[in-house]
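Hi,

Here is the structure I promised to send over. Have a look at it first, then read on for my notes.

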Amino acid sequence: LPPLSFTFEQLEALALGAKTLALIADKDMSAAAKEALAKIRDAVPQSHQEKLDSPHLMVVPPQGITMPQKELRQVRKAIDEKRILNVTYRALDERVSERQLYPLALTNFGPIWLMTAWCVTRQDFRDFRMDRFDQMQLQREKFTLAPHQTLETYLKRFAVKPAARMG
């Protein structure tokens, strides 16, 4: 990659994002965020390093919340490798169901992680709270999405504009 030049505000934004991710993601993603922040810090001028080290923007971990570490890693792997997930899900009304899912995306809402998936069982898109899975099994079998099952179709249907695409 060619050298990048960032304003301090841009570095601050990256640092805040990395600090937040380090607190709310699974251990692998958390470690990657910390490593990326260290690389950024080492690559910027001394004056920017001192500002980045200043605790003027802090991230406080959610209290009393346990992040679903194992499940987040499994879902990230399933998304990356396009592998089927078989799950036991406990809805907010406490009904339990068995589902077969094609995981598409993870979304974080502070202390809550949601997985967006094509639910084979219901033949439609569903969003699942990661803290509501009683059981999750990553299958060896891979899935292939039909055009109506893609994340892009989900985003268009629900008029969602991902943050990565905003601006």
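Predicted model: local features only at pLDDT ≥ 70, side-chain atom pairs only at ≥ 80, totals over all residues.

Residues are numbered from 1 along each chain as its sequence is written, and side-chain values use heavy atoms, with hydrogens and water left out.

The chain has 5 helices and 5 strands (DSSP runs numbered from the N terminus: H or I of at least four residues for helices, E of at least two for strands). Along the sequence the pattern reads α-α-α-α-β-β-β-β-β-α. Of the 167 residues, 32% count as buried (under 20% relative accessible area, with a 1.4 Å probe and protein chains only). Taking contacts (heavy atoms within 4.5 Å) with a separation of 6 or more, 58% are between residues 24 or more positions apart.

Now the helices. Helix 1 (residues 8-24) packs with helix 2 (residues 27-43) at about 155 degrees, and their axes are 8 Å apart (axes are lines fitted to C-alpha atoms over the stretch in contact, with angles from 0 to 180 degrees between N-to-C directions). That makes the two helices roughly antiparallel (angles over 145 degrees). On the helix 1 side, the residues in contact include Leu 11, Leu 14 and Ala 18, and on the helix 2 side they include Met 29, Ala 33 and Leu 37. The contact residues divide into 10 nonpolar, 1 polar and 2 charged (nonpolar being Ala, Val, Leu, Ile, Met, Phe, Trp, Tyr, Cys and Pro, charged being Asp, Glu, Lys and Arg, and polar the others, Gly among them).

On to the rings. There are 7 aromatic pairs (Phe, Tyr and Trp rings, the six-membered one for Trp, with centres within 6.5 Å; stacked is under 30 degrees between planes, edge-to-face over 60). Tyr 89 and Phe 128 sit edge-to-face, 4.9 Å centre to centre with 85 degrees between the planes. Tyr 89 is in strand 1 and Phe 128 in strand 4, so this pair ties together parts 39 residues apart in sequence. Tyr 89 is buried at 9% relative accessibility, and Phe 128 is buried at 2%.

Tyr 102 and Phe 143 are stacked, at 4.7 Å and 5 degrees. Trp 118, Phe 125, Tyr 154 and Phe 158 are linked by ring pairs into a cluster.

Cheers

How values were computed:
Parallel < 35°, antiparallel > 145°, perpendicular 65-115°, else oblique. Buried < 20%, exposed > 50% of the residue type's maximum accessible area, 1.4 Å probe, protein only.
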